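Let's take a walk through this model together, one chain at a time and then into the spaces between the atoms. Keep the 3D view open as you read.

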Amino acid sequence: MTTNILEVSGLKTYYKTRLKEKVFAVDGVDFVLEDGKTLGIAGESGCGKSTLALSLMGFYFPPLHYGSGSIQIHGRDIMKLSKEQLRTQISGREIAYIPQAAMNALNPTLRIIRFIEDIMKEHRPELTKKQVWDMAVDRFETLNLSPKVLRSYPNELSGGMKQRTVIAISTILNPKVLIADEPTSALDVTSQKAVIKLMKDLLDKQFIRSLVFITHELPLLYHVTDDIMVMYAGEIVERGTAEQMIFDPLHPYTKKLMGSIIVPEEGMKGHKLAAIPGTPPNLKHVPAGCRFAERCSYAQDICRQNNVAVQEVEGRQYRCHFDTGTLKEWYANEQS
Amino acid sequence: AGCQTVQPPSATGTTTPPAQGETKPADQGEKATEPATTEPAANQPATSGDAKETPRNETLYINGIQWGPPSNFNLLSGNPAFPINYGNSRELVYETLFMINQLDGKLEPLLGTKYEWTDDMTLHIELNKDAKWSDGKPFTSDDVVYTYQLGKKYDINWSNYWAYIADVTADGPNAVKIMLNKDNPNRLTVLDSIELIPMMPKHIWEEIEKKSNNDLATIRKEVNANPVATGPYKIYFYNDQKITIVRDDNYWGKSLFGKLPAPKYITHVIYKDNAAGDLAFKSGQVDVSQQFIPQVWNMWKNGAPIKTYLKDAPYYVPGSMPSIFFNFSKKGLDNPDVRRAIAMSIDYKKISDLAMSGYSAAMQPSLTLNTDAESKYVDQAAIKSLQWTTDVKAANELLDSIGAKKGKDGIRVLNGTRLGPFEVECPYGWSDWNAALEIVAQSAKAIGIEIRTKFPEAPVWTNDLQTGKFDIIMNTPAGGVNPSQPWSRAHDIMYSKEVAPLGEMAFWNWGRYKNDKADQIIDKIPSSTDQAELKTLYTDLTKIWLTDIPSIPLMYRPWVFHTVNESVWKGFPVDGDGSNIPPQIAMDGAGIRALYQIHN
Amino acid sequence: MNAYAKYFVKKLFWYLVTLVIAVSLNFFLPRMIEGNPVAMIVSQMTKGMTDSDTIKRVYETFIQEFGVDKPLWQQFLIYVQNLFTGNLGTSFGLYPKKVTDILASAVPWTIGLQLPAILVGWILGNVLGAVAAYKKGVFDKVIFPVALFVNSIPFFTLAIIMLYVFALTLGWFPLSGGYDFQMIPQLSFEFIGSVIRHHTLPFLSIVLVTIGGQAIGMREMSIYELNADYVLYSKLLGIRDSRISRYVFRNAMLPQITGLALSIGTMVGGSLICEIVFSYPGIGTWLFTAIRQLDYPLISGCTLLIALSVLLANFTIDIIYGFIDPRIKASQMEDQ
Amino acid sequence: MSSRDLLIRGRGITKVFGYGAAKTTAVDTVDFDFHKGEIISIVGESGSGKTTLAKIIMGLLKESGGSIDYKGQPRVLRRHADRKKYWKDIQAIFQDPFSSFNLFQRVEKLLLSCIRLQGLKLTKDEQFNKMKEACSFVNLKFEELYNKYPFELSGGQMQRLMIARIFMLHPKVLIADEPTSMVDACSRSTILDMLLKLRDENEMTIIFITHDVGLAYYVSDTIYIMEKGQIVERGPAEDIILNPQHAYTRQLISDVPKIHTAWDLG
Amino acid sequence: MKNSLNILIKSPKFMLGAGIFIVMLALVLIFPMINKKDPLEMIALAFQPPSSQLWLGSDNFGRDLFLELMYGIQTSIRVGLIAGVFATVIGLIIGLASGYIGGIVDNLLTSITNIFIVIPSFIILILISVSINSRSSLVTAIIIGITSWPWTARAVRAQTSSLRNRDHVHIAKISGHSTPRIIVFEILPYIASYVVMAFVLQTASGILSEASISMLGLGPYNTISLGIIMNWALVFEAPVAGAWWAFIPAALSIALITFSLYMMNTGMDEIFNPKIRS
Ligand SMILES: Nc1ncnc2c1ncn2[C@@H]1O[C@H](COP(=O)(O)OP(=O)(O)OP(=O)(O)O)[C@@H](O)[C@H]1O
Ligand SMILES: Nc1ncnc2c1ncn2[C@@H]1O[C@H](COP(=O)(O)OP(=O)(O)OP(=O)(O)O)[C@@H](O)[C@H]1O
Ligand SMILES: [Mg+2]
Ligand SMILES: [Mg+2]
């Protein structure tokens, strides 16, 4: 029997700019994550992926502010907890985070092991230094990192090592949910592969139960996650299994996105890429109606007027006025 | 070699390391073998109980004589520290034959009892038989002869007297004869010498000479931390912040003065600047101040027991005449009418009021000071018509009359030469002089002459002064109170013989003024004995000076300031107390008598 | 480490070059002044003399003794030669004192005054700056501008105002000097007490200005550090604020060590004004007197001491720095 | 393809940074032959020397060894005039769009300077039209952009503007150093399409620098695989990708996640 | 840029600083036009306390201190500005040359800069001031300027050498632009805000330096500056005489000007720096 480990509903968060305007970068997001499942989030740059990741942590630092909605971990709404409860009970233990820029995520003047000790002092104060050391060595070794790394300063590590170190640190408390914000974007393909393997290992060994993986690299998500969500302008536009999303997209935006994938495979050369004209809307003034309408080649008047509700078909959700049949027909026509 | 700091043994008898870390302890032993220190009291406080500080009521604090830290107490070094400094007939440690009294110009007996001219060329001096050195040895004519001879042997402070002296010989153990040089007889300077040359012990310095192979450069390096001398005090302690001397209770002069001086200790505190010294003086930490204190009357406004020699302005007895000198090679300034116009434009009252806080009496331009001792040399009525007073209108008229017309900028042009900008120069920080020159510059503006002030560092000023690198420069011609005044002042202002050309160093007549008549008179005065003749000579000389105006005196200034704070020591001499003790800060010349008069 | 050693060898070389230039400047700059220090001494010696020949002879003996008759470059060679034997020459103004003796007597006073003052001022300034950045509010809006204002008062003026207010008007502290004039230096409680009482006011004045300067720098650094990624990451791992602010404080403070090094290095030179105002018997007072008297050997001696201390402090800090802050070490290596 | 004219030829190009122990050989005896109208990709992992090689070709870095012929003649860059002449034919697009723009110059000024660079004397209207044409070519509305500062644009817009610039300049050679590394997949395909279009219209030689094997395969005629400063394999794109010979090439291709073939994580 | 100017105006720190500075500047520029008297004229007795005629009393020369203060502030600001310009321009040129040209030139210039940083500038300032014969306020300002450029040079160099590797500079190069053009159009705008801030700081420290060396008696001759007013007050022991008015107003003026400049700098820093960092 599956339980929902993470349940998000109606989450809205915004940035307050210097000129006091509100920019809703996450604008009414609902989703559930089942225990033991992995979820990918994809989308164009600036669509709010990183903001969503941060918002899920329950901590808000200016200029990011909480708007409304709930985030439940094992049915417990973390937005209703006090800051102190959140810090001691949730952060790092229940839900952990891998930042987008792992390069700067580590205190440059602290040896890795000292940082781990500090984390343990907060969450597992009963452990001795020796126990912490053993634990860290153990974990680092499973991630193919030599214990020497523990004694290093961050700047003594290469980019790939730093990335893996951050992953190790984020998961050292065996959090239930791990949120990884583009953990491989700064790495070359070889290191990327190593990191992916590592995350898979962590899941296999059940150090983490569930994973939210954020990236704009669709082929990567295809291999890593069970489900994929596509975000556009602060909203979720479609969700389905990885298989479905890559080979059978419903939403026109997803469709275009999949059309722009380039991989070194036979037949790729000369294959016509799908181009999306224009740029995503400015989140300061989102257009009424479907946010993608402006760039959508199938858009009709109703798209620009009415708000679009999420449709659910066979366990898949998508945010479009048109039913699956219409969409599939259009896509088929295009093919020919 | 020499020990630089004298350390008093501490109360417990162990030697404490000196705070300044300058001393090589080994030197102590070396010193002890010298005859100079056979008397152990020389560097030990007399009371051995608590030696941490000298008791306030037994110590006289003074300031304003020594500015830098003391470097040595060697008269031959050229720059000995307080209380040895040469040139002020200082009588605390070394003593002179006679003491000058600033008030009446008379020489009072000290080591010498009597002097007389036995003939035109011979000065006979009798010495005090009681006098002895602090190591107990008697003071004899040999010491006097030796001291004079040192000046012949080496280039030292009193070497120049040998230009006028043929020989100095002993006349028995207690008398000496000084023979004048036939080619250059100068009675005045010889009289200077007997009140200025400090007597040095032959038995000590012969040794030092021998040790140094008669090489002056080596002798100069002798610190002489425990000088053997005849005076009432001995060096007790010194470092960079103060010099303390202690009374020699075996002082021979007890017989001369009838008692010992009152203060057991005299401490000169070395302040970094006037302000620090004045503050200390105001608060009673200093008893006698030789500093220029602006608006001294403020000091006693609140009833503080502070006094000057004179109760009212000018408060101090004048002793010198700081003046500005013109460079005779500068176009514009070479015109006597321009110089006269400047002289007439200057607001002397303002200089006295603002620069000197009123310490200078009304200006009566002359080569003499307006004191009883000097003014008698000149026929005042004869020079009256030539003397200038502040009169801007007349100055302007004078300039108009010689055809110096004002240009667009308000500055006059004389025969194509713009009158200005001329720089007027004196060392920075000599505040009364700085202010005086600011007033000169302002005054000149009113008659269309542009004068700018320039206040460089003292060595730069010295250099400019001597090499003639100036337009107008301020300096005191022959300061000091001694028997050769006002001759030496006139000499410094006007004498052109032996003066190096511009660019080389001149030691007087810095503006390179030249007047043969004046030279003749200056040559003649020192050998003249007839008072009437002297008066004519001085009057003629003054007339030349008033006509040519090579210099303009800006103020009368005391040679030494003498302000006392009587919160600890009382009974300092003041004008009209009948004591006839001159305000020579209780340690120069006859002023030393004050030390016997003061009390707690 | 090898590269690191090389870095220092290179650094050392440049410090030596700097030293050579400083020594030359120290020698030539004062001698550019168009004055004649010997004439000064001689005019003092020949007071009242009316015979030019004698005066000239006196003058020439001194010229020879000080060697100022030789061409400048020859004097320089002699000077450098003497330097190697530790001989800084004889002072003109304090003839026949040795320059080394004068310096030796002054250095303890200067260090005794400056070192504690700089350290205390530095620590207080850093704390104030950090608190202003972290707590904001009163600290940022009131205390910080006040520190800035104090820093805007010329030190000379500040010291004099303090002197008149606290010493003259209120009489809390003595006016000037290193100790009571009645006293004779020795190791007794009274004397040490006196030294301390005289020490307080100059000490406080230095502390006051040091605080302002350091607080400004520290505040800026702290604000910068507070925005660093590692702060967010540490928070999301549940590390408590107090510990994070320790990270920030430490990281912001490390660059401030340069400031400390510079102050310690310029201590001897920086003491000038304070010592002049309080008539404190240190190097600064000596230097100034020497300049006033054109006492070449003493000027060169003082400035040499100053240059040496600055170089030494910088070099030491360069070395220490590399060990305590890995970031600096990395950038030092990059410099190569 | 060999039938085409040889445009740039490099032999034994080497670049050494630093000296002594700190010496790194960033480019190590590299040979290359670029033809007119050819699209070449240089592929390699981070630090393999791609950018260094590109800069040498651009004439921004001086090679430590080897020789480059341009249009059959040895390339001379000694004097500023020589360089100016060479640079007339060459243009570049750099990796980071944010650093490629002078943030203090408006878009309009950037494009105007291209017109000036070509030495064209145009009236205001002509200038306007030309700029508008360039922008519409890359799918941008000039009217909306011209008085904006670069930091008011999105990354994708910046990249496209850079290409509009190339379109106005018509260089003979374009060197594009990871021109799409900072943009996401959708913008990437737009940009690539435009570049290909440019080549077709102008017979332009394009040198692509990238670490993305898929992209190299998609756009290029010829691929050079670079590892540690050396070219380990070169040839037609199809051959290299579908039939890699060198072990390094094989590994590179296998490390890329694909969608039709399994991704071996073992 | 208009945008950042707008934001600057919103910064209370900057506005406070600019306000104080402009008010002072206006006062000292306008007052001498109304009161045309010669500030050097000695019209009263020494150290007269403030009264209705002499608003700030008289100094040791009997001059009107308020009038002197007006001219003194003018001179001080002028000296500060000239020193600031010199320091900034020298620092900018050396920093740009060393950062942009690189290589041996960079090594050489950097070493020179470091040497100047290490050799205490205040001491050099004093030594040069002593050695110079004719000290006008211009000469003083220039001396201050040429002893205080190294920090600017260092910072400009750091920024330039990172800007040099920015791609738009490469593009400009490939476009055949000349080096001066590249420096002026591609590099200068980026460091402009920093240079303005450095200039403000240098001006402030120039004013402080002038005050310090004038108070040591090494300032210009024949002018009035705030430092010189304080110097005379000290030389004539105004504090001993209780004449606070000869000293405190000048001290406050300096503090106020410098403070206003510091505030402007802090305000600008908060506005400009995030941009430089991002
Ligand atoms: N500090 C901020 N202040 C104001 N707006 C911000 C801030 N940070 C981000 N935004 C805006 O929020 C939106 C979402 O940003 P976010 O970083 O979440 O995007 P993303 O999907 O993670 O993009 P990327 O793929 O580039 O990482 C963007 O449009 C951006 O302009
Ligand atoms: N200016 C330089 N000084 C010293 N070494 C350099 C310099 N530029 C590059 N290198 C070195 O040369 C090698 C190749 O660098 P290059 O930038 O050409 O790699 P790249 O293939 O472009 O890598 P990336 O994909 O990360 O851009 C690297 O090891 C780098 O450290
Ligand atoms: Mg993101
Ligand atoms: Mg690269």
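Let's begin with chain D, where residues 24 or more positions apart account for 67% of the contacts with a separation of 6 or more; a contact means heavy atoms within 4.5 Å. Before going further, note that this is a predicted model, so local features need pLDDT of at least 70 and side-chain atom pairs count only at pLDDT 80 or more, while totals for chains, interfaces and linings use all residues. Residues are numbered from 1 along each chain as its sequence is written, chains are lettered from A and ligands numbered from 1 in the order in which they are written, and side-chain values use heavy atoms, with hydrogens and water left out.

Back to chain D, which has 11 helices and 10 strands. Both kinds of element are DSSP runs numbered from the N terminus: helices are H or I with at least four residues, strands are E with at least two. The radius of gyration of chain D is 19 Å, close to the 18 Å that the globule rule gives for 266 residues, so chain D is as compact as a globular protein of that length. (That radius is taken over C-alpha atoms, and the rule is 2.2 Å times the number of residues to the power 0.38.) The C-alpha trace of chain D spans about 55 × 50 × 45 Å along its principal axes. Of its 266 residues, 57% are buried, where buried means under 20% relative accessible area, exposed over 50%, and partly exposed in between, with a 1.4 Å probe and protein chains only. Chain D's accessible surface is about 11,400 Å², and 49% of that belongs to carbon and sulfur atoms; such areas come from the Shrake-Rupley method with a 1.4 Å probe, and for residues only the protein chains shown count as cover.

Now hop over to chain E. Carbon and sulfur atoms make up 71% of chain E's accessible surface of about 10,100 Å².

How do the chains meet? Eight pairs of chains touch, and the most contacts are between chains B and C. Chains A and B do not touch, with their nearest C-alpha atoms 44 Å apart; nor do chains B and D, whose nearest C-alpha atoms are 50 Å apart.

In chain C, zoom in on C:Asp241, which lies in helix α10 (residues 241-265). C:Asp241 is partly exposed, with a relative accessible area of 42%. Beyond its neighbours within four places in sequence, C:Asp241 is in contact with C:Tyr134 and C:Lys235.

On a 1 Å grid over the protein atoms alone, a pocket is an open set of points with protein on both sides within 12 Å along at least five of seven lines, a cavity is a set where a 1.4 Å probe fits but cannot get out, and lining residues have an atom within 4 Å of a point. Points are joined across faces, edges and corners, and a volume is the space filled by probe spheres set on them. The second largest pocket holds about 920 Å³. Of the 43 residues lining that pocket, those closest to its centre are B:Asp104, B:Gly105, B:Ala373, B:Lys376 and B:Tyr377. As for cavities, the whole structure has 16 of 30 Å³ or more, and the second largest cavity has a volume of about 100 Å³.
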